[in-house]
Amino acid sequence: MNDTLLIALYAFAGAAATGLAGAAVLRVVRRRSLTASLAVVAAVGVVAMLAGTLAVAWAMFLSPHDLTVVTTVVAMAAVVSLATALLLGRWVVARSRELAVAARSFGDGGDFAAPDIPATAELEQLSRELAATSARLAESRERERALETSRRELVAWISHDLRTPLAGLRAMSEALEDGVAADPTRYLRQMRTEVERLNDMVGDLFELSRIHAGTLPLSYARISLYDLIGDALAGADPLAREHGVRLVGGHVEMLPVEVDAKEMSRVLGNLLVNAIRRTPADGTVAVAAERSPEGVVVSVTDGCGGIPDEDLSRVFDTGWRGTHARTPPAGAGLGLAIVRGIVEAHQGRATVRNIPGGCRFEVVLPAAAS
């Protein structure tokens, strides 16, 4: 056999045995510090060279003098390699510990701030991922706080709105029962009105609960948006006359949409009622519908005078009713929350923005297939 090939086989055998031993040691220390793993890896490289050299010497391919020289060189290399591995390991471990301390901050409810000291590419990537996760957690906590605030406001307003008609019903029923009602017929009409208010409020709560639970049933049908808006305007006309508000629907294109007609009629009705109640007497509420690159846009414009900028993001929140000066005489602030829920269930979106003299609510729906 060729001497070079034989030397290679002996060297490979010695190095392979050292590699297997090193793998076993790494398995044992895999849960320990990174410094220990780096030290084992450095030691495997040096000891593998020494083992191969000793295997060749055992086969008597090296003279004693040459073996001494090689062993001395390998020993010096081992010292330098182990020292370098320990220094590198301690450097990496120190930076990983600082990263762990920084990560603990946003785990406790704070924001993640990556350490300023240099780190390896892997630790830098981990820092970026932690920063992105921290930002998402902050947004989630903010949404949770907003939802909790809206829930508390909703409970407070619902309690108030329920207490008022219930107290009136109790007083009128007691008056009828005691026979002291001067005009029983008027009392009965008023009681019916209050019962209808309570029924509408409970219906809104039920609708909102189905929206939040994702169980709102939708029966899609192809319908003309012109007809849908025309019916909504006709239904809101009595309320507009009562408030002295003009309803205008002259810019409505005859566009087909595939929606649940009943639920979309509720959306338009809620938007119109909200606009009429916010618009002063002799004001105008205008409805328009047109095609856009995003789909079909239905807009309701009122003359409310505008919404404060800090409240624009809360208009569609559950229970939001604006400032006390803008609080309507009835309702629990569920109408616009229902609007958003129904529109989003149709894969659309609802937005609001201020315009000169009022607000413009827009509902964007997917266009029907031709």
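## Helix 5 against helix 8

A crossing of two helices is left-handed if the near helix is turned anticlockwise from the far one by less than a right angle. In this predicted model, helix 5 passes helix 8 in such a left-handed crossing. The angle between helix 5 (residues 184-213) and helix 8 is about 35°, and their axes lie 10 Å apart. On the helix 5 side the contact is made by Asp204, Glu207, Leu208 and Ile211, and on the helix 8 side by Ala337, Ile338, Gly341 and Ile342. By class, the residues of the contact of helix 5 with helix 8 are five nonpolar, one polar and two charged.

Helix 5 also holds glutamate 194. With a relative accessible area of 11%, glutamate 194 is buried, because the cut-off for buried is under 20%. Leaving out residues up to four places away in sequence, glutamate 194 touches Pro165, Leu169 and Met172.

## Helix 7 against helix 8

Two packed helices are described by the angle between their axes and the distance between the axes. For helix 7 (residues 261-278) and helix 8 (residues 335-345), the angle is about 145° and the axes are 9 Å apart. This crossing, of helix 7 with helix 8, is left-handed.

Helix 7 contributes Glu263, Arg266, Val267, Asn270, Leu271 and Asn274 to the contact, and these meet Gly335, Leu336, Ile338, Val339, Ile342 and Val343 of helix 8. The contact of helix 7 with helix 8 comprises seven nonpolar, three polar and two charged residues. Ile338 and Ile342 of helix 8 take part in the contact with helix 7 and are also listed in the contact with helix 5.

## Nonpolar cores

The largest nonpolar core has 49 residues, and the members that touch the most other members are Leu225, Ile229, Val267, Leu271, Leu272, Phe316 and Phe361. Helix 6 (residues 225-243) supplies the largest share of this core, with eight residues.

Another core lies apart from the largest one and has seven residues, among them Ala175, Ala181, Tyr187 and Met191.

## Positive phi in two loops

Most residues other than glycine have a negative phi. Aspartate 282 has a positive phi, near 70°. Aspartate 282 is placed in the loop between helix 7 and strand 4 (284-292). The relative accessibility of aspartate 282 is 62%, so this residue counts as exposed, the cut-off being over 50%.

Glutamine 347 also has a positive phi, near 65°. Its place is the loop between helix 8 and strand 6 (349-355). Glutamine 347 has a relative accessible area of 65% and is therefore exposed.

## Whole chain

The protein chain contains eight helices and seven strands. Of its 370 residues, 34% are buried. Among contacts with a separation of 6 or more, 69% join residues 24 or more positions apart. The accessible surface of the chain is about 21,800 Å², and carbon and sulfur atoms account for 60% of this surface.

Technical notes
Residues are numbered from 1 along each chain as its sequence is written. This is a predicted model: local features need pLDDT of at least 70, side-chain atom pairs count only at pLDDT 80 or more; totals for chains, interfaces and linings use all residues. Side-chain values use heavy atoms; hydrogens and water are left out. Axes are lines fitted to C-alpha atoms, for helices over the stretch in contact, and angles run from 0 to 180 degrees between N-to-C directions. Helices (H or I, at least four residues) and strands (E, at least two) are DSSP runs, numbered from the N terminus. Contact means heavy atoms within 4.5 Å. Ala, Val, Leu, Ile, Met, Phe, Trp, Tyr, Cys and Pro count as nonpolar, Asp, Glu, Lys and Arg as charged, and the others, Gly among them, as polar. Buried means under 20% relative accessible area, exposed over 50%, partly exposed in between (1.4 Å probe, protein chains only). Accessible areas come from the Shrake-Rupley method with a 1.4 Å probe; for residues, only the protein chains shown count as cover. A nonpolar core is a set of buried Ala, Val, Leu, Ile, Met, Phe, Trp, Tyr and Cys residues joined through side-chain atoms within 4.5 Å.
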